Amino acid sequence: MAPVLALVGATGAVGGVMMDIINGRESVPWGEIRLIASPRSAGKKFTVRGQELTVQALSPEVFDGVDIAMFDVPDEVSAEWAPIAAARGAVAVDNSGAFRMDPDVPLVVPEVNVDKIHDRPRGIIANPNCTTLSMMAAVGALHREFGLRELVVASYQAASGGGQPAIDRLYAELEAVAGKHVGVRAGDVREAVEAAGLSIADSPFPAPLVMNVVPWAGSLKDDGWTSEELKVRNESRKILGIPNLKVSATCVRVPVVTTHSLAMHAVFEREVTVEAAHKVFSAQPTVVLVDDPANKKFPTPADVVGGDPTYVGRVRQALDFPNTLDFFVSGDNLRKGAALNTYEIAEALAG
């Protein structure tokens with residue numbers, strides 16, 4: 001009997017991308033798909049695989065008969081409802097941060113550790129943070145070949161990583177400065193944004209994002225680190241199975257709507273060359289190598305957005321560090337960084 005899939009948070013941004021992914025598949029293994037959201041969204045209709053589906057209100061009963069439930073809801077909602085779904089017999093695949101570091105919940109990237117989907121004592125599987133996911137297919141492939149020891153990461157994170165309010169804010173700031181010559185003097189950008197009635201105090205960002213970069217993503221944690229930076233460290237260790245992996249990350253928000261990029265400095269146990277790394281990347285079905293420096297060919301968010309793979313370029317052997325590569329990674333944070341990875345976990349469970 002074909003399994004039943006539930007999508008919890010169907011009316012959100014990532015939920016919409018999940019439906020696009022399902023609609024774009026040549027075939028799906030599901031006998032039934034249920035769309036679930038908050039009571040205020042119940043009754044909305046969406047077309048999935050040619051069938052009009054009505055959104056059901058979140059309740060314990062909607063999980064009866066469900067085999068796999070994909071969650072894309074806030075942490076507190078997942079924390080309450082994913083265990084309820086599991087208690088009703090579903091495997092909960094959760095895209096929030098509620099369970100990522102729970103030792104009884106596997107943190108899965110199918111290209112790296114798909115075997116972990118069977119080790120789920122709580123009936124829950126966690127999806128990593130979008131920043132970690134943007135690099136993990138490439139890093140995991142290199143680790144299998146050369147043995148990863150250390151990572152230094154600088155992220156260039158799109159506004160959409162902060163949700164719809166962050167996207168709306170970036171567009172509003174773009175409108176505020178459009179057609180104006182701003183940025184000539186210190187404070188010009190801030191003045192232009194605030195003159196348009198856009199208070200920085202009410203922004204998802206601690207500074208203007210338009211015509212700027214903001215070295216801050218997430219919330220403040222101990223010793224000046226942000227939550228996003230610690231996620232990169234802790235989640236990389238768990239996914240790769242390297243509890244003592246040395247990781248340092250600086251997360252930066254940039255004025256891009258969708259697609260995260262990362263500059264990677266990776267140190268390995270074994271000798272590594274650019275040629276060998278190219279072969280590893282080229283052999284990965286979910287990695288696209290775009291690395292032709294002579295012709296200025298490398299990944300950029302504008303070229304990557306809307307695609308499923310991880311794009312890799314600017315691969316270099318570090319000049320002053322042995323067994324080390326520097327490279328640049330871009331990936332659509334709403335697709336592989338969220339919806340696609342969640343769905344690929346569900347597909348692996350169904351398979």
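1. S78 lies in helix α2, where helices are DSSP runs of H or I with at least four residues, strands are runs of E with at least two, and both are numbered from the N terminus. This is a predicted model, in which local features need pLDDT of at least 70, side-chain atom pairs count only at pLDDT 80 or more, and totals for chains, interfaces and linings use all residues. Residues are numbered from 1 along each chain as its sequence is written, and side-chain values use heavy atoms, with hydrogens and water left out.

2. S78 is buried, with a relative accessible area of 0% (buried means under 20%, exposed over 50% and partly exposed in between, with a 1.4 Å probe and protein chains only). Leaving aside neighbours within four places in sequence, S78 is in contact (heavy atoms within 4.5 Å) with F71, V73, P83, D94, S96, A98 and F99. With the side chain of S96, the side chain of S78 makes a polar contact at 3.4 Å, that is, a pair of N or O atoms within 3.5 Å, of which, within protein, one must be able to donate a hydrogen and the other to accept it, while residues adjacent in sequence count only if both atoms are side-chain atoms.

3. The largest pocket has a volume of about 1200 Å³. A pocket is an open set of points on a 1 Å grid over the protein atoms alone, where a 1.4 Å probe fits and protein lies on both sides within 12 Å along at least five of seven lines; lining residues have an atom within 4 Å of a point. Of the 48 residues that line the largest pocket, D72, V73, P74, G161 and G163 are the closest to its centre. Elements giving two or more residues to this lining include α2 (75-87) and β2 (32-37), while α5 gives the most, with 4 residues.

4. The second largest pocket holds about 200 Å³ of space, and the residues that line it include P103, D104, K116, D119, K238 and G241.

5. Which residues of helix α6 (residues 188-195) are buried? They are D188, V189, A192 and V193, and they lie on the same side of α6 because they cover an arc of only 130° around the axis, taken from the directions from the helix axis to the C-beta atoms. What covers these buried residues includes α5. Just after α6, G197 takes a positive phi of about 85°.

Conventions: Grid points are joined across faces, edges and corners, and a volume is the space filled by probe spheres set on the points.
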